[in-house]
Every structure is written in structure tokens, then in C-alpha cells.
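Subject: Structure handover

Hi,

Here is the structure you asked about. Please open it alongside this note, as my findings follow below.

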Amino acid sequence: MSDRRMVSLEEHHRISQFYYHEARLLDERQFQQWLSLLAEDVVYRIPARHTPFLDPAKRGTEALLELEQEISSGLEPPFRDDNYLTLSIRVMRSFKMNSWTDNPPARTRRFVSNIEATQDGDGFDVYSNLLLYFSRYGQDNHTYTARRHDHLRDTPAGLKIVRREVLLDWSVITGPSVGLFF
């Protein structure tokens, strides 16, 4: 971790373009091509989130409002805990006629912003914000917002997502699915 450094403007542009390309692939339902952006040892998690009571012992410090205390620490199962195999199965399922969650397919639009990257050993540690619009059946319209924390590995084939943690801004899921690719 002591090896971290801010990325250059050129590296930041390259990382931003990677995320914009990823968003387009997902919005155009090119899920198999999206899989090629993932490392085979990928860890893809959406932890459960809760709203804790404030700890009076932390009064007067930033620790009182720390975001990390809202993330489940093993007490609740995560919303998603996937690897390359389970993500591949989810992608293959979306092309099946009997996949009722994807028939008809949802319309999505992803907006990636606030990309903050540092170089970390073999790749990049990246935070980004995601706004995902979801519409299905012409009547189910939902907006998901999230913070993503990724680790990208630089490979000869290009950048690959090694780890993704998606922290949804919802603590209670009222949308139709967390089966979307965030």
C-alpha cells in the first residue's frame, strides 16, 4: 500500500475510457464482450448495507460518520458475491429464452463519474460513482446509484477488472433486481 501514487493525466484518461467502454458494452447488452474486461480471478461483490446508530464515543471525529461502518461485516450476507464462473453463468443465462428476468430485456443507461485512480503495485486502485437508469415493460423505471471501488490490472490485453465492490446507496432494495451488472 505504501507504493501508491496518483496516476498521470494520460493514465487517468485511459482508465476513464475503459469505464466508458464498459458502460456502453453493458448498456448495449454485449455481455460476452463485457466478460472479456474481467480477470479470471475477479471478485465482484455488492455487500449488504445498513444504517447504524451513531457511536457517542466517536463524537467530534470523522470516525462518527465513517462510511465503512455501514457495510455489512459478515452479519448479513452480501447482495452479490460473484467470481468469474458465476458471472459467466449470469451472462449465459441472459441469452436463454426462459430467462424471465431478461425477457423482455431491460433498457439501461450507465453514467460513470468521479473517477479517482491511484497506481498500486500491479495495477490501479479506482473509485468511481455510478448512476444506472433501469426501465422495463415501459412502466418499471428505477434509478440505482452506487460507489464502486475497483482494482484494475494492467495486462498485455488491456485493463482487466480484478476486484469490484459496489456499495449501493440503498439499504433496502426496492428496485426489481440487483442482478444487474453494476
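A salt bridge here is a side-chain nitrogen of Lys or Arg within 4 Å of a carboxyl oxygen of Asp or Glu. By that rule, the side chains of Glu22 and Arg148 form one, at 3.8 Å from N to O. Glu22 sits in helix α1 and Arg148 in strand β6, so this pair links distant parts of the chain, 126 residues apart. Both Glu22 and Arg148 are buried. Please keep in mind that this is a predicted model.

More on the charges. The whole structure holds 15 salt bridges. One of them joins Asp150 and Arg164, with the closest N and O atoms 2.8 Å apart. Asp150 lies in strand β6 and Arg164 in strand β7, so the pair ties together parts that are 14 residues apart in sequence. Asp150 and Arg164 are both buried. Salt bridges with shared partners join Glu22, Arg148, Asp150 and Arg164 into one network. Arg90 and Asp82 also meet in a salt bridge, at 2.7 Å from N to O. Arg90 is buried, and Asp82 is too.

Next, a charged residue without such a partner. Lys160 is in strand β7, which spans residues 158-168. Lys160 is buried yet has no salt bridge. Which side chain of opposite charge is nearest to Lys160? That is Glu40, and it is 7.7 Å away. What does the side chain of Lys160 reach instead? It reaches the backbone oxygen of Ser36, at 2.5 Å. Beyond its neighbours within four places in sequence, Lys160 is in contact with Ser36, Leu37, Leu38, Ala39, His151, Leu152, Arg153 and Thr155.

The largest nonpolar core has 37 residues. Ile15, Trp34, Leu152 and Phe182 have the most contacts inside it. At least two residues of this core come from each of α1 (9-27), α2 (31-35), β2 (38-46), α3 (84-93), β4 (107-120), β5 (123-136), β6 (140-155) and β7. Helix α1 gives the most, with six residues. Leaving out residues up to four places away in sequence, Leu152 touches Ile15, Phe18, Tyr19, Gly123, Phe124, Val126, Leu159, Lys160 and Ile161. In soluble globular proteins, nonpolar side chains tend to be buried together.

Now the overall picture. The protein chain has three helices and seven strands. From the N terminus, the order is β-α-α-β-β-α-β-β-β-β. Of the 182 residues, 41% count as buried. Among contacts with a separation of 6 or more, 64% are between residues 24 or more positions apart. The chain exposes about 10,700 Å², and carbon and sulfur atoms supply 55% of that.

Is Thr51 buried or exposed? Thr51 is exposed, with a relative accessible area of 66%. The residue is in the loop between β2 and β3 (80-83). Thr51 and Val172 are 121 residues apart in sequence, and their C-alpha atoms are 10.0 Å apart in space.

Best wishes

Notes:
Residues numbered from 1 in each chain as written. Predicted model: local features only at pLDDT ≥ 70, side-chain atom pairs only at ≥ 80, totals over all residues. Heavy atoms only, no water. Helix = DSSP H or I, 4+ residues; strand = E, 2+ residues; numbered from the N terminus. Buried < 20%, exposed > 50% of the residue type's maximum accessible area, 1.4 Å probe, protein only. Lys, Arg positive; Asp, Glu negative; His and termini not counted. Polar contact = N/O pair within 3.5 Å; in protein donor to acceptor, adjacent residues only side chain to side chain. Contact = heavy atoms within 4.5 Å. Core = buried A, V, L, I, M, F, W, Y, C linked by side-chain atoms within 4.5 Å. Areas by Shrake-Rupley, 256 points an atom, 1.4 Å probe, with all protein chains shown as cover.
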